[in-house]
Amino acid sequence: PAGGYGVELFKDGERIFTTAFDVVMSAKEQLRYGFLSHFSEEDSGEEDVLFANKLHLNMIQFYDWMYRHDTLVPPTEQFTNPLGCSMSKKVIQKKIQDCRRYGIRSYAYAAVYAAGKDFYEQHKDWAMYHLGGEPMIFANWLVYMNCETDCGWNDYLRKQFLETMEVMGFDGIHMDTYGYPKCGWDAKGKLVQLEETFPKFINQSCKDVRATNKEAGMMFNAVNDWPLETIADTDLDGMYIEVWPPNTTYRDLYQLIRKALAAGKKEVVLAAYLTPFKTASSPLDFLKAEKTSLLAFAVINASGGHQLAYGEKNGILSDGYFVDHAELREEFIPKLRCYHDFAVRYSKLIFDKSMMDISMTASDGINEDITFTCEDRSVQFGSKGEGGKVWCLIKEKRSTLMINMINLTGEGEIWNEAKSERTYPVSGIKIRTVMEKQIRGIWYATPDDGYASMQELSYQVINSQENRHIELIVPDLMIWGMLWFEFETEGGY
């Protein structure tokens with residue numbers, strides 16, 4: 001049946017292997033996105049795809065694979081991409097097939113409004129212009145083109161998408177934007193509002209590619225969630241948001257995901273790049289960066305989203321140019337895999353869109369439905385992702401109450417800064433909750449134990465004149481722990 005599953009292998013009573021898998025009814029149900037960015041003849045092996053498979057990634061963005069921004073399919077077997085990287089058309093096609101063998105869908109990167117200056121010189125009437133009549137230019141080498149329906153660029157690029165799918169064999173298109181501009185002028189002096197242009201371009205592109213392949217995937221980069229409101233109802237697979245300042249806090253990550261889920265009712269992917277890896281050089285630097293990555297992963301997933309950060313062989317993104325990714329230490333990979341196992345194994349809980357977020361209405365402040373205390377009285381709990389506290393994210397529906405706890409004690413609230421190299425466990429957390437429902441069981445799991453196994457917790461019933469309470473003690477919290485109550489939904493007295 002559809003859902004997430006854990007796998008544990010024992011030999012002579014000893015657990016020797018764990019992993020996870022999920023069963024979904026649609027490829028759009030769980031969007032675990034990764035990347036590839038090296039496609040030379042020397043990169044023809046499949047170690048990178050195997051790494052993606054071990055992290056249960058089921059979508060891969062082929063970054064900067066194309067011949068040119070305005071001419072996607074390479075005209076020759078060997079070619080150099082716009083930034084001078086050596087490429088092989090056969091290697092790209094091989095990696096598409098490698099991905100397919102492991103159940104991973106391949107998405108071709110394509111910028112929706114970028115063209116080289118040579119192309120612009122031949123199609124000046126397709127470009128975007130400033131108010132004064134100068135062409136809009138990105139990084140001094142790409143010209144912004146006009147995606148409006150009545151502009152030739154619109155039809156041209158959609159045909160490029162079709163050729164990319166048919167010739168290269170990709171499973172989908174990843175449409176990129178740069179977050180700027182938000183408006184401009186066409187060659188005739190008409191104002192172009194891109195929040196109005198993009199939805200039309202997206203839907204027409206989706207219609208085109210799915211006319212030849214009804215399962216074709218389509219993603220679009222809404223940088224810092226713009227223009228989320230206008231593209232939420234388009235035919236995209238999910239909502240993809242590249243995260244930049246001022247979205248700097250853990251609370252910002254949570255808010256981006258909650259807003260996107262509410263707007264589009266689709267899976268949400270945050271492209272959240274881990275900058276501490278960019279300058280990490282010593283073992284201590286890497287320990288700090290690794291903890292940064294685990295906390296970001298925990299927050300994004302506990303909030304109901306997915307993170308694009310991992311790819312290549314042991315690669316992690318440290319900035320927006322995917323080719324310059326960092327490489328993870330081999331010693332860290334088992335812990336990282338356990339975090340990904342955890343997110344897949346408990347996916348039915350973590351990503352259940354029917355659950356209502358009650359974090360700020362059930363606990364903290366004036367809310368006393370659920371209270372958290374600790375044997376160490378200096379430990380504080382909160383519902384807003386504040387630094388120095390245990391963050392408690394609470395969701396419920398008729399049959400389930402779920403509490404994600406993320407240990408931010410000793411840390412600040414900025415998600416993308418290097419953390420302390422050590423994690424101090426929080427022991428003796430007591431949860432007390434008003435409880436009128438009949439409990440079937442209470443369970444706890446954490447990826448920090450190296451297994452992501454679930455354990456049933458005992459609890460105490462405390463009756464008062466006014467309420468019936470449940471009290472229980474949670475196992476030591478390292479970074480991320482998840483507790484859930486299962487209820488009997490029928491019956492009573």
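**Close-up views of salt bridges and strand pairing**

The predicted model contains 28 salt bridges, a salt bridge being a side-chain nitrogen of Lys or Arg within 4 Å of a carboxyl oxygen of Asp or Glu. Because the model is predicted, local features need pLDDT of at least 70 and side-chain atom pairs count only at pLDDT 80 or more, while totals for chains, interfaces and linings use all residues. Residues are numbered from 1 along each chain as its sequence is written, and side-chain values use heavy atoms, with hydrogens and water left out.

**View 1. Salt bridge between Asp237 and Arg105**. The N to O distance of this pair is 3.5 Å. Asp237 belongs to the loop between α6 (228-231) and β15 (238-242), and Arg105 to strand β7 (residues 105-111), so that distant parts of the chain, 132 residues apart, are linked; helices (H or I, at least four residues) and strands (E, at least two) are DSSP runs, numbered from the N terminus. Both Asp237 and Arg105 are buried, where buried means under 20% relative accessible area, exposed over 50%, and partly exposed in between (1.4 Å probe, protein chains only).

**View 2. Salt bridge between Asp208 and Arg158**. Here the N to O distance is 2.6 Å. Because Asp208 lies in helix α5 (residues 194-212) and Arg158 in helix α4 (residues 152-168), the pair ties together parts that are 50 residues apart in sequence. Asp208 counts as buried because its relative accessibility is 15%; Arg158, at 14%, also counts as buried.

**View 3. Salt bridge between Asp319 and Lys278**. The closest N and O atoms are 2.4 Å apart. Asp319 is in the loop between β19 (315-316) and β20 (326-327), whereas Lys278 is in helix α8 (residues 276-279), and the two distant parts of the chain are 41 residues apart. With 18% relative accessibility Asp319 counts as buried, whereas Lys278, with 48%, counts as partly exposed.

**View 4. Strand β4 (residues 59-62) and its buried side chains**. Met59 and Gln61 point one way from β4, Ile60 and Phe62 point the other way, and all are buried. In a regular strand the side chains alternate between the two faces of the sheet.

**View 5. Strand β4 with its parallel partners β3** **and β7**. Strands pair if DSSP finds at least two bridges between them. Strand β3 (residues 33-36) pairs with β4 in the parallel sense over 4 bridges, and Phe35 stands opposite Gln61. The pairing of β4 with β7 is likewise parallel, over 4 bridges, with Ser106 in β7 as the bridge partner of Ile60.
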